[in-house]
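Q: Can you walk me through this structure? I'd like the overall picture, then some details.
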Amino acid sequence: MSDVTRARNGRPVHHWRRDVVELAALFTSVAVADGVANLVGHGPDGPALLAISAVALAATAAFHTWWTRRHGHAPPAGDTDARSLPQGQQTGPSDESSATPETEPGQSALWRMRTTVKDEPGSLAALCTALAGRQVDILSLQTHPLAEGTVDEFLLRAPGGLMASELTKVVSLAGGTDTWIERADAHDLVDAPTRVLGLAARTALDAAELPLALRQLLGRCTIRQLPATPVGGGRGPAGVPVEGVLEDTVMRLRAPEGGVITVERPYLPFTPTEFARARALVELDARLGPRVPHSQHVLTLPEGNEITVRRADARDLEAAKAMHERCSARTLGMRYHGPVGDADRYLNHLLSPRFGRTLAVQTASGRLVGLGHLLWDGDETEVALLIEDKWQRRGVGGELLERLVAMAAEAGCESVYAVTQASNTGMVAAMRGLGLPLDYQIEEGTLVITARLQTGQAGARLPYEVAQEQVGERIARD
């Protein structure tokens, strides 16, 4: 399982076939170069051939330069402006979407902007006056005091034709520095206290919500939680103090059950205010302790048997181990991609709500016959299934997978991936049965299937999330 993860995260496994191809290409290039050198140096027309080649290359370069200038193949002006902002200013992580207007002239567009101003009377007023001069409406404002200066975070409604580069130029002339800007949507319209209270409510109901709540609180960021004792043994991460650590674009917080939660946002430093809010959410989670919703659903399979699908946690550890003993070595190998004897030691991690959500399938007699996991993996989300042999190919896996994918969509995930073996036709069929766009990646018998989700069809939301979308629709109509 670890080898597959390393390959997916950009550190591929070594392949001798690729080395052979590269070595053959190198020898071929050397042979061709040697042949050309012999032809030019020893052939009767060598000097003439060399001169003709130089003239041809010069003519080709001149024609390419003329064609580029005449037909405008250079980057668009808006995109160039976004990359040549004055020093200390930057757009958001998506330069193309921020620099190029996405709305028609005459319509309004929402922007999130953050800039640093001097801690002096009148500095914020000068900035607001400059924005008003370009018909930019300030919908909300938050201030983040620093040791030197103040970081002001705006939600702006600007004319549709106004680009990010023009906004940052206006802010720069008004005294703003280290400006960051990106497109906003209706979800950004809710004020900060309401957002924090809503995220606290979600965290209180379900321990698995903590990583998602942190991501919604802090915007685009990568969140990783490392256990105090790694699953495979060895040394755990270096501990952090109770109050946590803030280092520019990285914050480290002590996980409620031990270990470390790392939050990283390379494109924008965290402020002390954001750090305090994140730490408060983690402290709330720690005080409430492990918890999962107790709802369950009774389903009837096509053959007539009834099963119950419910959330699972560490209290199901012994039942899960008993299911492992009833599973064949082939089934466990398909699921864990490693030695069958090591399967049990993964269960503590998989059943912890801190690392994701787990669904359990049990029969009318109460026996556990299936587990489905939705695991937070940094910026990505993994789904995994284990079905007892006697209950395979009876619709249990498909039912579990549909519910896990629905949970991922409700959490705002853009995609989910499953790691399995190319011979696992049951998992492939279950993924295809979702009816979603799929990407396949095969790496020496290991198959990674990625499904792109339709997050716009998310399920139940909190009341404040519904209200903020209604407000956004009214603002867009205005």
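A: One term to begin with: contact means heavy atoms within 4.5 Å. Among contacts in the chain between residues at least 6 apart in sequence, 65% join residues at least 24 apart. This is a predicted model, where local features need pLDDT of at least 70, side-chain atom pairs count only at pLDDT 80 or more, and totals for chains, interfaces and linings use all residues. Residues are numbered from 1 along each chain as its sequence is written, and side-chain values use heavy atoms, with hydrogens and water left out.

Q: How many helices and strands are in the chain?
A: The chain has 16 helices and 16 strands. Helices (H or I, at least four residues) and strands (E, at least two) are DSSP runs, numbered from the N terminus.

Q: And how much of the chain counts as buried?
A: 41% of the 478 residues. Buried means under 20% relative accessible area, exposed over 50%, and partly exposed in between, with a 1.4 Å probe and protein chains only.

Q: Strand β14 next. Mostly covered or mostly open?
A: Mostly covered: β14 spans residues 415–421, and five of its seven residues are buried. Seven bridges join β14 to strand β16 (residues 446–452), and the two run antiparallel. Two strands pair if DSSP finds at least two bridges between them.

Q: Which residue in β16 is the bridge partner of Y417?
A: T450.

Q: Switching to charges. How many salt bridges does a search of the whole structure find?
A: 18. A salt bridge is a side-chain nitrogen of Lys or Arg within 4 Å of a carboxyl oxygen of Asp or Glu.

Q: What does E153 form a salt bridge with?
A: With R112, the closest N and O atoms being 3.2 Å apart. E153 lies in strand β3 (residues 150–159) and R112 in strand β1 (residues 108–117), so the pair ties together parts 41 residues apart in sequence. E153 is buried at 12% relative accessible area, and R112 is buried at 16%.

Q: What about D206, which residue does it form a salt bridge with?
A: R357, with the closest N and O atoms 4.0 Å apart. This pair links distant parts of the chain, 151 residues apart: D206 is in the loop between α8 (192–205) and α9 (210–218), R357 in strand β11 (residues 356–363).

Q: Where do E399 and R403 lie?
A: Both are in helix α14 (residues 396–410), four residues apart, about one turn of the helix.
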